[in-house]
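Visitor: I would like to learn how to read a protein model. Where do we begin?

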Amino acid sequence: RYKQNDSIFKETSDQNIPLYFSVPGHYVFEAFALDANNNKSQVLTLRIYVKPYFWQTLWFKILVAFGILVFLSIVFLLLLKRVKYLEEQKRQRDTKMHHLELSAWRSKINPHFLFNSLNTLQYLFTSNKAERANDYMTSFSKILRTTIDNSGKLLNSVRDEYLYMEKYLNLESY
C-alpha cells in the first residue's frame with residue numbers, strides 16, 4: 001500500500017509504482033507492505049523535491065518581466081522620437097509656408113511702388129493739395145488692404161483682379 005501527499009493509501013501488487021508530479025515542489029511518498037499473514041511492514045517515507053524547469057523559476061520570470069519592460073521602454077522612446085521628428089517637420093513646414101506667404105506678399109507690394117506712393121503723398125501735402133492727398137491716401141490704403149487680403153489666396157477671380165488693377169492704375173494716375 002502507498003500514498004502520496006496526504007491522500008489515502010492505495011493498494012497495488014505491482015512492485016513498480018509510477019509517480020507523477022505535475023507541479024514542482026516538495027512531495028512525501030509513504031508505502032508499506034503486507035505479507036501473506038497480513039503483517040504490516042515498517043512504513044517507508046520518502047521526501048521528494050521536484051526542481052522546477054528554468055522557465056518556472058522566479059529568476060526567469062523576473063528576467064522576462066525586465067525584458068518586457070526594456071522592450072516597452074525602447075518602443076516608447078522610439079515613438080516619442082518619431083513624434084518629436086514629425087512635430088519638427090510640421091514646424092519647419094509651417095515656417096517655410098510663413099516665409100512663402102511673406103514672399104508672396106512682398107512680391108505683390110513692390111518696394112518701388114511704395115516709395116513712389118509715399119513720394120506722391122509727400123508732394124501732395126507739400127503742395128497744399130490736402131484734398132487730393134486725402135483721396136490718394138484712401139486709394140493707397142484700399143490697394144494695400146486688397147493686396148493683404150489677396151495674399152492668402154492662391155487664385156483670384158478675373159473680376160477681383162480687374163478691380164485691383166483699376167485701383168492701382170487710378171493711383172498711378174495722380
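Guide: We begin with one term: a residue is exposed when its relative accessible area is over 50%, buried when that area is under 20%, and partly exposed in between. One caution as well: this is a predicted model.

Visitor: What is the general idea behind a helix face?

Guide: An α-helix has 3.6 residues a turn, so residues three or four places apart point the same way.

Visitor: Which residues are buried in α2?

Guide: F113, S117, L121 and L124 are buried in α2. They cover an arc of only 70° around the axis, which puts them on the same side of α2. H112, F115 and T126 are exposed on the other side of this helix.

Visitor: What is the order of elements in the whole chain?

Guide: The protein chain has 4 helices and 3 strands. From the N terminus on, they run β-β-β-α-α-α-α.

Visitor: Is the chain spread out or compact?

Guide: Compare its radius of gyration with the value from the globule rule. The radius of gyration is 48 Å, well over the 16 Å that the rule gives for 174 residues, so the chain is more spread out than a compact globule. Its C-alpha atoms fill a box of roughly 145 × 30 × 20 Å, taken along the principal axes. Of the 174 residues, 13% count as buried.

Visitor: How far apart in space are T95 and L118?

Guide: T95 and L118 are 23 residues apart in sequence and 31 Å apart in space, C-alpha to C-alpha. T95 lies in helix α1 and is partly exposed, with a relative accessible area of 34%. For a second pair, take Q92 and Y168: they are 76 residues apart in sequence and 35 Å apart in space, again C-alpha to C-alpha. Q92 is also placed in helix α1, and its relative accessibility of 41% makes it partly exposed.

Visitor: How many salt bridges does the whole structure have?

Guide: To find one, look for a side-chain nitrogen of Lys or Arg within 4 Å of a carboxyl oxygen of Asp or Glu. A search of the whole structure finds 3 salt bridges. One of them joins the side chains of K3 and E30, at 3.8 Å from N to O. K3 lies in strand β1 and E30 in strand β2, so the pair ties together parts that are 27 residues apart in sequence. Both K3 and E30 are buried.

Visitor: Which residue forms a salt bridge with R91?

Guide: R91 pairs with E88, and their closest N and O atoms are 2.4 Å apart. The two are 3 residues apart in helix α1, separated by about one helical turn. R91 is partly exposed at 45% relative accessibility, and E88 is partly exposed at 32%.

Visitor: What about K90 and D94?

Guide: The side chains of K90 and D94 meet in a salt bridge, at 3.2 Å from N to O. Being 4 residues apart in helix α1, K90 and D94 are separated by about one helical turn.

Visitor: Which residues make the nonpolar surface patch?

Guide: V64, I68, F71, L72, V75 and L79 make a nonpolar surface patch of about 540 Å². V64 is found in helix α1, residues 58-108, and counts as partly exposed at 35% relative accessibility.

Visitor: What should I know about phi?

Guide: Most residues other than glycine have a negative phi. N38 has a positive phi of about 60° although it is not a glycine. N38 lies in the loop between β2 and β3 and is exposed, with a relative accessible area of 61%. N128, not a glycine either, has a positive phi of about 60°. N128 is placed in the loop between α2 and α3 and is exposed at 70%.

Methods: Residues are numbered from 1 along each chain as its sequence is written. This is a predicted model: local features need pLDDT of at least 70, side-chain atom pairs count only at pLDDT 80 or more; totals for chains, interfaces and linings use all residues. Side-chain values use heavy atoms; hydrogens and water are left out. Patches are made of residues with over 30% relative accessible area and no salt bridge: like charges are joined within 9 Å, nonpolar side chains (Val, Leu, Ile, Met, Phe, Trp, Tyr) within 5 Å. Accessible areas come from the Shrake-Rupley method with a 1.4 Å probe; for residues, only the protein chains shown count as cover. Buried means under 20% relative accessible area, exposed over 50%, partly exposed in between (1.4 Å probe, protein chains only). The radius of gyration is taken over C-alpha atoms; the globule rule is 2.2 Å times the number of residues to the power 0.38. The arc is that of the directions from the helix axis to the C-beta atoms.
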